[in-house]
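Notes below, in the order I looked things up.

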Amino acid sequence: MERCPGAPRHSPSAPQPSPGHPGPLLRSDLLILLRVMGGGSAIQPCCESSLYHPGLVHVRVSHRLFGDRCPPVSLSCFQTPRRIPYEEAVAQEFGPAQVGESFGPTWETCWFKVELSIPPAWAGREVHFVWESDGEGMVWRDAQPVQGLTKEGEKTSYILTRSLKESEPHSLTLYVELACNGLFGAGQGSMIAPPDPDRRVTLSKAELVVFNRDVYELLVDLEILLDMAQLLGEENQRSFQALYTANQMVNVCDVTDPSTFPAARDLAAAIFSQGNGQSQHTIHAVGHCHIDSAWLWPYEETIRKCARSWVTVVHLMEHNPELTFACSQLGLTPVPRQAQQFQWVRSCYPGLYARIQDFVAKGQFIPVGGTWVEMDGNLPSGESMVRQFLQGQRFFQEQFGRICSEFWLPDTFGYSAQLPQLMRGSGIRRFLTQKLSWNLVNSFPHHTFFWEGIDGSQVLTHFPPGDSYGMHGRVAEVLKTVKNNKDKGRVNHSAFLFGFGDGGGGPTQKMLDRMKRMSDTDGLPRVQISTPDQLFTVLEKESSQLCTWVGELFLELHNGTYTTQAQIKKGNRECERILHDVEVLSSLAVAQDTAFQYPASQLQHLWRLLLLNQFHDVLPGSCIQLVVEDALQYYTGEQGVWLGGHSPVGAAPAWWGWGGSSPGLPGTLVLNTLSWERSEVISRPGPDGTETLGMSDLAVALVSELLTGKYSAFPSPGEVSDTCFWPLPKEDGSVTMENGIIAVCLDTMGHLTSLQLLDSGRSSVPDGCCANQFALFDDVPLYWDAWDVMDYHLETRKPVTTLLKPLEITLAGGLRGSVRFSLQVGKSSTLTQEIILDATCPYLRFLTQVEWKEAHKFLKVEFPVQVRSTNATYEIQFGHLQRPTHWNTSWDWARFEVWAHKWLDLSEHGFGVALLNDCKYGASAHRNVLSLSLLRAPKSPDATADIGHHQFTYAVMPHQGDTAARVGGAVPVSSAEDRPEAVVVRLYEAHGSTVTAWLQTSLPIKEAICDLLERPLAQGRLPLEQRGLRLSFTPFRVLSVLLLRSC
């Protein structure tokens, strides 16, 4: 049969077209021909093993990508367990090394000295140094980092010259710094498995090669055409046009004659130059490199990941002036000094940092984010979130002359409903993430929308419709971006973040070259290299039809992160409290003594350590053991926040200015650092280890060791005996306690069988039920072990019923009554609990100690309560929100495990019960049962997660009124180091109401300025009136008041 002109040729084995069906068969036959070997279309410019398109074996082009080769003149190495600077490394003694050799173990570093000599015959050719290994590498030349090398990140060559000239050096020495870990750490058997401590990396290639650029460009052309032919579908004529063009290129191209390549490429260019119509969707492509500050590798390795990734980006920018790159990660603090990813690069890679600053000035290297690190979006306190923005925005302003206008948080595990207000107060009106595409139950209904927080603040929010922050610039990805967009018709623009991420890497030349061919090609969306500002600017212009999402952005996955690694979470909560108290004390000291120097730099250092540990794989606990050890050191080590006397945090009261003329006066400082009046029992350890109890309702008091009558902070028990009742044992082993506010009854296993609020006469525990019931669940997620707790775990509930020591009275009344018991939990764990009722205290405390030795188990404590409500209330940052107690819809059911801060509450009109805690975050309220999640036992990525001793306290509080919410908080702190004369007071409305408040102070104030970032607001200063400062609050509004003291 005569073939039509230009028709595709058939392979001998391909089926022949039948008469009447020539089109589809011709198309399918050609696809078979061009993809005869099958597989994908991964072509890389620097890794010969993956440079060819598998389907192009028939045309035998790919094997000509590399020409002549030349081994190094010499190859030697030096190995060290430390991560050392270049200057120290090159001074070491290097020994012989060879290709094929393996190096290790895990986390070691090998420095290679590579001496090269380029053959003179390669004049005019493009020459690459090719390096392939299983580890992450960095090429150093002339004492400067020049190229990151990571096989997993498709970067396995360093371009020595694009056209070798006689004047260029032909002999040179390179150093390669090789980390004995991969892009995603060193998991044993799977990515998230605990690291293999004995993993070794193999050097499989180290050589000079001639790179044939014309072959590479031809292969990229063919890849895009074939993807168009396959993915646009038979109903699209562009699919056939791309297919026939590819066939014509095969006909024109003679692989033995490079002079035929331009004609073949002209055919492809004709297709790529056929432009789109004006209505075509526009994709804003932005280079991206998400680098987890710690995850499957320790903090210190991230330092090198930053350098490897960013030097590669800068190198790309030097040859691609259109490339833009959004860099969102700031935070990294190696021991013993503090730094950020930018700040660390500035100090340890000054040459690279200078190049980065140049490209920032050019608008190509774009800092985004606005926070110190990409923190967890749920667990940090409100004040911590403010400090994330404050420290981050100030760093951007100092280093780059501007603050960020976009909040960039693509990979955290949900987003608090208070974030929109904190963004707006920090100069940010735009938000980008994509994590809700991971929802396990419900598909989030929008990609571009307004997000409204609990106070009514709104931010323009965009989820890249491709559901990824690590695109590779492929045809399939841009088509998915358009097809998947849930707001088609409302907006016609979307983000496309390209580059290897999580473990670093960033964009490649191949990604850019793919997108250049798709910039304005009929049949494909329009692809333009853009910036976050350009994207959001056009979205703002198209925003009139956008929908609004009110409340939290709850991720229906990874809700085990509210509980995993309990010690990290306890350290976070405790250090947040400590820093709050130290700043209160320091501010009071400044007010009392003008000569006192506020420790601004020390506190900034400690805050940055805490903020670093709030990174979204550290505080949630989804990290390896090495990271956990580092994080706990940042809390409790010599450089940590809680130092017990080695820093301002643990110093004696005299450090805060107390003691006056008698700095040696022994005693205990007693003061209330909270923003409401309170009276409570306090304890002070004695020299013999015993505790002395006392009552205090004073704001500040210095209590002497002798407890003389001078101070009223420790009255005798008789002074409050009328409101404190001793524990009373019963014949059945149960115990009752009463303090005039609440009355409780506990059985021999520590169950709370009765809880009464005496003034109301209401019982809090339903008849026949027991509160303080421990329950153990099987906890085996589908994959993400440390991250997930699946809904099916609820079907495995087993009450803890094995009693080791029955309930016994440990403190028989006076100011405090307490009882103690012990249980066996699971096969190997034990729990000992002291239940405490203090005089005048409205709640019952449960001081709990657990020796935890389980595997894949989940421990909770449950409180069924005599309250009916369809919603429970949970404390979040600077406020609270409600979530349903029923599972009517899939959206309700997906919240079977949620997060809260210090309390959750179930209330009906006039009465409710709150469950309080000192360091827990996971919780739930189903029907009338309040549950607090206590401990998990995942085995990946940390096989030792949570194993060991734990101590924590929770409490139950019946109350009158609708919720347990307190009045707004006031946190006096000194301003940043640039305003030593200022005091900042942070206030928020906590009930959800509109109110007016007066702020009064004895400080000599000359003016007051409000701003969350401590800058003047547009409406000017607050007026000083006789009563003080008049402050207006709407529901859950947060105010920062900057008080400037008179000199």
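I started with Tyr874, whose bridge partner in S41 is Leu904. Before going on, I noted that this is a predicted model, where local features need pLDDT of at least 70, side-chain atom pairs count only at pLDDT 80 or more, and totals for chains, interfaces and linings use all residues. Residues are numbered from 1 along each chain as its sequence is written, and side-chain values use heavy atoms, with hydrogens and water left out.

Strand S38 (residues 871-876) and S41 run antiparallel and are joined by two bridges. For the terms: strands (E, at least two residues) and helices (H or I, at least four) are DSSP runs, numbered from the N terminus, and two strands pair if DSSP finds at least two bridges between them.

Asp905 stands opposite Ala914 in S42. S41 and S42 make a hairpin with two residues between them, and Gly910 in the turn has a positive phi of about 90°.

How many of the six residues of S41 are buried? Five are, so I put strand S41 (residues 903-908) down as mostly covered. Buried here means under 20% relative accessible area, exposed over 50% and partly exposed in between (1.4 Å probe, protein chains only).

**The nine-stranded sheet**

I then traced the sheet that these strands belong to. Its nine strands run in the order S33-S34-S35-S36-S45-S42-S41-S38-S39, the sheet is open and the pairing is antiparallel. Which strands stand at the edges? They are strand S33 (802-811) and strand S39 (879-884); each has a single partner strand, so one side of each has no neighbour in the sheet. The twist averages 20° from one strand to the next; angles run from 0 to 180 degrees between N-to-C directions, and axes are lines fitted to C-alpha atoms, for helices over the stretch in contact.

At the S33 end, I found six bridges joining S33 to S34, antiparallel. Leu803 is opposite Leu823 in S34. The hairpin of S33 and S34 has four residues between the strands, and Gly813 in it takes a positive phi near 90°.

Ser822 has Thr832 as its bridge partner in S35.

**The five-stranded sheet**

I looked at another open sheet, with five strands in the order S15-S16-S18-S17-S21 and mixed pairing. Its edge strands are S15 (406-408) and S21 (548-550), each pairing on one side only. Here the twist averages 30° from one strand to the next.

Inside this sheet, S17 (residues 448-452) and S18 (residues 458-462) pair in the antiparallel sense over five bridges. I picked out Thr448, whose bridge partner in S18 is His462.

**Helix H15 and its partners**

The axes of H15 (residues 600-613) and H16 (residues 625-636) come within 10 Å and cross at roughly 150°. That makes H15 roughly antiparallel to H16; the cut-offs are under 35 degrees for roughly parallel, over 145 for roughly antiparallel, 65 to 115 for roughly perpendicular, and oblique for the rest. The crossing is left-handed, meaning the near helix is turned anticlockwise from the far one by less than a right angle (clockwise would be right-handed). Leu609, Leu610, Leu612 and Asn613 in H15 meet Ala631, Tyr634 and Tyr635 in H16; contact means heavy atoms within 4.5 Å.

How does H9 (residues 382-400) pack on H15, and at what angle? I get about 110°, with the axes 10 Å apart, so H9 and H15 are roughly perpendicular. Residues in that contact include Arg387 and Gln391 of H9, and Trp607 and Leu610 of H15.

**Two buried residues**

Thr302 lies in helix H6 (residues 299-319) and is buried, at a relative accessible area of 0%. Its side chain makes a polar contact with the side chain of Trp297 (3.1 Å) and reaches the backbone oxygen of Pro298 at 3.5 Å. A polar contact is a pair of N or O atoms within 3.5 Å; within protein, one must be able to donate a hydrogen and the other to accept it, and residues adjacent in sequence count only if both atoms are side-chain atoms.

Ser76, in strand S2 (residues 74-80), counts as buried at 13% relative accessibility. Leaving aside neighbours within four places in sequence, Ser76 has contacts that include Phe94, Pro96, Trp111 and Phe112.
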